Amino acid sequence: MRLLTTTILAGLMATTAQAADLRMSWWGGDARHAQTQEALQVCGTKHGHQVAAEFTGWAGHQERITTQIAGRTEADIMQINWPWLPLFSRDGTGFADLREFSDIIDLSQWTEEQLAGGEMNGVLNGLPVAETGRVYFFNKTVFDAAGLPLPTNWDEVRAATGQLGEGVLPFEAQGLNAIFLVSTTVTQMTGKDLIDAQTTTVAWTPEELAEGIRFYLSLVEDGAIRSWQQVAGEGNIELFEMRPWADGRIAGTYEWDSAYAKYADPLGDQELVPVPILQVDSAVNDGTYRKPSMLLAISARSENPQAAAQIIDCLMNDPEAVDILGDSRGLPASRAASERLAAEGGIDPNVAAAHDLVLAGNGPVPSPLNEHPKVREIFGDYLEAAAYGQIEPEDAALEMIDEMNRAIRSFR
Amino acid sequence: MESPRIGLAYLAPYLIGLLVFTAIPFLGSLYLSFTDYNLIQSPVWSGMDNFRELMNDRTFMRSLRVTLLYVFITVPLKLAFALFIAVILNYRLRAIGFFRTAYYVPSILGGSIAIAVLWRYIFADAGLVNMVLTGMGLEPVNWFGDPVNALFTISLLRTWQFGSAMVIFLAALQAVDKSLYEAAAIDGANKWHSFVHITLPLITPVIFFNLIMQMVQAFQEFNGPYIITGGGPLKSTYLLPLYIYDEAFKNFNMGYASAIAWVLFLIIMVLTVVAFWSSKKWVYYAGDKRS
């Protein structure tokens with residue numbers, strides 16, 4: 001019966017798109033890679049297309065996509081990070097207009113607000129896969145073993161230092177996570193996003209930013225997190241690849257809700273759980289960093305855009321593909337997919353809980369320029385210099401703001 | 001078929017490769033260095049703007065300093081080590097063929113991503129090197145977290161790939177006329193004297209060749225720092241090729257990246273010219289009339 005249905009469906013679809021050889025690229029962890037390949041197999045069979053999978057880890061993926069677009073060799077279907085839209089498609093012509101395929105992709109499964117997140121210059125360049133945000137995750141097994149409750153504020157994180165066992169630290173923040181930690185702290189204290197959307201300048205004063213840097217440094221001084229030097233000693237690898245994380249010797253991190261599996265999988269039997277956002281004492285809001293997650297886009301140069309649209313619709317809305325993909329990219333933005341997963345119990349309760357925390361938190365709407373490569377680089381460089389004691393937080397903040405303003409000047 | 005055509009046919013694959021993969025990108029990057037090009041839109045002519053900006057770019061200056069330091073550490077270290085091993089392998093030892101092969105293998109593997117990843121694990125905090133150090137009762141070293149150690153660790157990876165330089169040294173050592181050593185021994189020279197006064201002068205053309213080759217390669221190092229340290233900490237391993245890569249593919253400044261690449265090319269060229277100029281004073285060729 002299933003075979004018959006598939007055959008009929010494939011025949012029907014053949015009226016709108018010829019059998020095509022397509023390519024799809026994405027980044028992610030092992031779980032996402034395996035599930036996406038399986039879903040592509042199903043969707044390819046349903047629509048009579050062959051879809052070659054091109055997947056990598058997060059590191060270097062933007063460079064890969066950039067090179068491909070510049071060389072006009074990008075995949076037909078691309079998983080795009082939301083902040084990349086203004087970089088690749090400032091006027092909306094960098095990717096195909098997905099509204100042109102509204103007869104193939106069931107866009108009614110997204111709200112207009114959600115779709116607006118994938119638009120550039122009024123053109124729907126990317127279909128939001130999910131909405132995502134930063135969440136604090138803790139290794140519950142480690143806290144349980146020490147007889148401590150999961151932290152609900154920073155004082156409890158500091159208090160857990162030295163109580164979790166020999167050499168066990170309650171938290172980790174270095175590199176990008178340290179940037180987000182400082183950023184969230186300052187947003188909580190000021191109620192402002194890093195970038196003022198009206199003026200396209202840095203909204204924080206040097207004093208406010210310096211306060212955030214000092215907060216990060218105080219966590220290192222208190223021994224709640226490893227110093228930048230110590231983490232750098234592991235080499236250029238991510239936390240979830242580090243032995244201390246897998247061993248439970250680092251018991252917490254601040255990550256995207258959609259990255260849950262990437263961090264939970266290496267823990268084996270240990271349980272990783274999300275907790276409500278940790279606030280600083282003077283917080284005026286949660287400082288939640290929430291944004292459209294990754295988007296699926298079709299290359300503006302694809303020779304088979306209709307076939308690509310069929311695959312996108314299948315991945316996002318088809319019950320069988322939805323079941324396979326599960327929450328590998330966080331909770332789906334597509335109503336059909338999220339309802340299906342909720343009904344089938346296909347969502348990891350911890351992923352659902354993390355996503356609920358993201359949605360429940362408040363804070364200013366972040367500008368995509370928060371994630372502009374140059375802004376990130378400046379933030380990271382000065383934070384690192386402050387962490388190494390090479391510059392005072394006040395001076396770092398002054399320099400940082402000055403350089404960031406110069407970096408984003410062209411977007412005014 | 002006439003012989004010139006046959007010759008051309010044999011040359012064609014090389015010439016096409018040279019044209020497509022070297023000459024065109026080479027000239028293309030020269031053009032791009034005078035433009036503002038973000039990869040997505042067409043290049044816009046900007047004259048000398050990129051080069052002027054470079055002079056005030058602190059990241060460029062820091063990266064240039066690190067690159068020069070890396071080259072000045074790595075090249076002499078690698079040449080000295082390659083020559084040292086070549087001298088040992090020039091002796092008639094048992095299983096000498098095995099040793100020569102074994103010492104050459106790292107050169108084949110050394111530049112690969114897998115070896116860079118392996119290096120990262122060996123020198124990580126809980127890696128093999130620190131395990132050995134603590135096993136000997138010594139303090140572990142933060143190889144990647146300390147800016148000085150990090151550059152040294154990256155330099156070691158390149159030094160470890162000494163095989164190709166070693167093979168060339170070995171060939172040169174074997175070409176040295178043995179009767180010179182016998183004559184020196186009769187005059188009372190010991191091994192060290194023979195090495196300094198006979199071997200070294202006679203292999204200076206090969207030392208010079210290896211110096212140029214290794215210097216050019218060291219200036220182009222990318223894999224090691226990219227994989228092992230990501231250019232950190234504090235940009236202490238942020239070599240110019242990494243900066244070129246970041247500007248081109250992360251920050252979309254292909255014009256600026258091309259300008260940096262050309263400055264790097266000019267630096268290599270100047271140092272090569274200096275090396276050639278200095279070679280008149282220390283490189284001895286057969287039939288040389290100098291005393």
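What you're looking at is a predicted model: local features need pLDDT of at least 70, side-chain atom pairs count only at pLDDT 80 or more, and totals for chains, interfaces and linings use all residues. Residues are numbered from 1 along each chain as its sequence is written, while chains are lettered from A and ligands numbered from 1 in the order in which they are written.

**Chain B**

Chain B has 14 helices and two strands; here helices (H or I, at least four residues) and strands (E, at least two) are DSSP runs, numbered from the N terminus. Its C-alpha trace spans about 75 × 70 × 40 Å along the principal axes. Of the 291 residues in chain B, 33% are buried, which takes 20 or more other C-beta atoms within 10 Å of a residue's own, with C-beta atoms placed from the backbone.

The unreviewed UniProt entry annotates "transmembrane region" on residues 12-34, 68-91, 103-123, 150-173, 194-213 and 256-277 of chain B. UniProt positions follow the numbering used here, and such annotations may be inferred rather than shown by experiment. Here is how two of those spans look in the model:

**Where the chains meet**

On chain B, 22 residues are in contact with 23 residues of chain A, contact being C-beta atoms, placed from the backbone, within 7 Å. The elements of chain B giving two or more residues to this side are α12 (223-228) and α13 (240-250). By class, the chain B side has 12 nonpolar, six polar and four charged residues. Nonpolar covers Ala, Val, Leu, Ile, Met, Phe, Trp, Tyr, Cys and Pro, charged covers Asp, Glu, Lys and Arg, and the others, Gly among them, are polar.

**Chain A**

Chain A is assigned domain 1 (2-130 + 293-333) and domain 2 (133-290 + 359-411), with bounds from an automatic or database domain assignment. Taken over C-alpha atoms, the centres of these domains of chain A are 31 Å apart. Domain 1 of chain A gives 11 residues to their contact and domain 2 of chain A gives eight.

Now for some strands. In chain A, β1 (residues 21-27) and β2 (residues 50-56) run parallel and are joined by seven bridges; strands pair if DSSP finds at least two bridges between them. A:L22 has A:V51 in β2(A) as its bridge partner. From β1(A), the chain passes through helix α2 (residues 30-47) of chain A to β2(A) in a right-handed β-α-β crossover: with the strands pointing away from the viewer, the path from the first strand over the helix to the second runs clockwise.

Definitions and conventions. Contact = placed C-beta atoms within 7 Å. Buried ≥ 20, exposed ≤ 12 C-beta atoms within 10 Å, placed from the backbone.
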